[in-house]
Amino acid sequence: MPSVISHAAVAVAAGIAFAPRDVPDHFWSVAIACSIIPDADVIAFSLGTPYDHFFGHRGFFHSPFFGLLMSIFLVGVFFRDVELFSRRWFFYLVFFFLLAASHGILDAFTNGGLGIALLAPFDTTRYFFPWRPIVVSPIGIQGLFTKWGLMVIRSELLWVWLPCFLMAIVSTVIRVLTVRH
Ligand SMILES: [Zn+2]
């Protein structure tokens with residue numbers, strides 16, 4: 001995985017770029033949760049579930065399909081006051097789905113570990129993209145304070161944080177320029 005913090009950075013940048021200005025405060029917590037929850041599947045290791053198992057790390061819980069289920073669940077629980085099938089309801093559903101899906105997709109750009117079950121549950125093959133510039137993050141926090149950790153941070157700054165930063169800046173400029181006076 002890129003580190004959890006980088007997944008969260010995607011959530012914040014996407015929110016700045018695409019969310020309406022009047023979203024409630026808890027929108028941000030739900031967005032960040034969507035981007036990092038797939039990595040809760042590392043618990044599989046301590047349960048003795050093998051890495052390449054359907055429910056192993058980077059398995060089903062990293063798939064966009066799971067992301068869709070999670071998004072439906074979160075919108076149902078945390079945005080109950082939003083009218084069903086309204087424009088805002090669809091925005092939340094699609095936004096949280098894409099954020100959850102972004103997790104597995106970003107992981108597929110990393111250079112280590114097993115691939116991602118991007119098409120689960122329909123196909124359990126673990127996929128990587130052919131081009132994998134992101135140095136895979138060690139599992140656990142302490143690994144980040146090593147030479148490996150420094151390489152991870154450098155590659156994530158370049159391949160995740162920089163594009164996120166640019167997306168947030170460009171979208172903010174566009175919003176300012178297109179705001180109705
Ligand atoms: Zn991951």
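A residue counts as buried when its relative accessible area is under 20%. Keep that cut-off in mind for the tour below, which goes through a predicted model.

**Stop 1: Ser35**

Select Ser35, which is found in helix 2. Its relative accessible area is 1%, so Ser35 is buried. Now show what surrounds it. Beyond its neighbours within four places in sequence, Ser35 is in contact with His7, Ala8, Ala11, Leu99 and His103.

**Stop 2: the zinc ion**

Which protein residues are the donors of the zinc ion? Select Asp39 (OD), His62 (NE2), His103 (NE2) and Asp107 (OD); these donors lie 2.0 to 2.2 Å from the zinc ion. Along the sequence, the spacing of the donor residues reads D-x22-H-x40-H-x3-D. The arrangement is irregular, because the 4 donor atoms subtend angles of 88 to 166° around the zinc ion.

His103 and Asp107 are both buried.

**Stop 3: helix 2 against helix 5**

Two packed helices are described by the angle between their axes and the distance between the axes. Select helix 2 (residues 26–36) together with helix 5: their axes are 7 Å apart, and the packing angle is about 35°. On the helix 2 side, the contact is made by Phe27, Val30, Ala31, Cys34, Ser35 and Ile36. On the helix 5 side, select Phe91, Tyr92, Phe95, Phe96, Leu99, Ala100 and His103. Sorted by class, this contact of helix 2 with helix 5 has 11 nonpolar and 2 polar residues, and no charged ones.

**Stop 4: helix 1 against helix 5**

The axes of helix 1 and helix 5 come within 10 Å and cross at roughly 145°, and the crossing is right-handed. Helix 1 brings His7, Val10, Ala11, Ala14, Gly15 and Phe18 to the contact. From helix 5 come Phe91, Phe95, Leu99, Ser102, His103, Leu106 and Asp107. The residues of this contact of helix 1 with helix 5 divide into 8 nonpolar, 4 polar and 1 charged.

**Stop 5: Phe90**

Remain on helix 5 and select Phe90, which has its place there. Is Phe90 buried or exposed, or something in between? With a relative accessible area of 38%, Phe90 is partly exposed. To get a sense of scale, draw a C-alpha to C-alpha line from Phe90 to Ser171: the two are 21 Å apart in space and 81 residues apart in sequence.

**Stop 6: backbone details in the loops**

Most residues other than glycine have a negative phi, and most peptide bonds are trans. The remaining selections depart from that pattern.

- Select Arg58, in the loop between helix 3 (43–46) and helix 4 (64–78). Although Arg58 is not a glycine, its phi is positive, at about 70°. Arg58 counts as buried because its relative accessibility is 0%.
- Select Phe85, in the loop between helix 4 and helix 5. Phe85 is not a glycine either, yet its phi is positive, at about 65°. Its relative accessible area is 56%, so Phe85 is exposed.
- Finish at Pro121, in the loop between helix 5 and helix 6 (147–178). The peptide bond that joins Ala120 and Pro121 is cis, with omega about 5°.

Notes
Residues numbered from 1 in each chain as written. Predicted model: local features only at pLDDT ≥ 70, side-chain atom pairs only at ≥ 80, totals over all residues. Heavy atoms only, no water. Donors = N, O, S within 2.8 Å, 3.2 Å for Na, K, Ca; no water. Tetrahedral: all angles 85-135°; square planar, octahedral: opposite > 155°, others 65-115°. Buried < 20%, exposed > 50% of the residue type's maximum accessible area, 1.4 Å probe, protein only. Axes fitted to C-alpha atoms, helices over the stretch in contact; angles between N-to-C directions. Helix = DSSP H or I, 4+ residues; strand = E, 2+ residues; numbered from the N terminus. Left-handed = near helix turned anticlockwise from the far one by under 90°. Contact = heavy atoms within 4.5 Å. Nonpolar A, V, L, I, M, F, W, Y, C, P; charged D, E, K, R; others polar.
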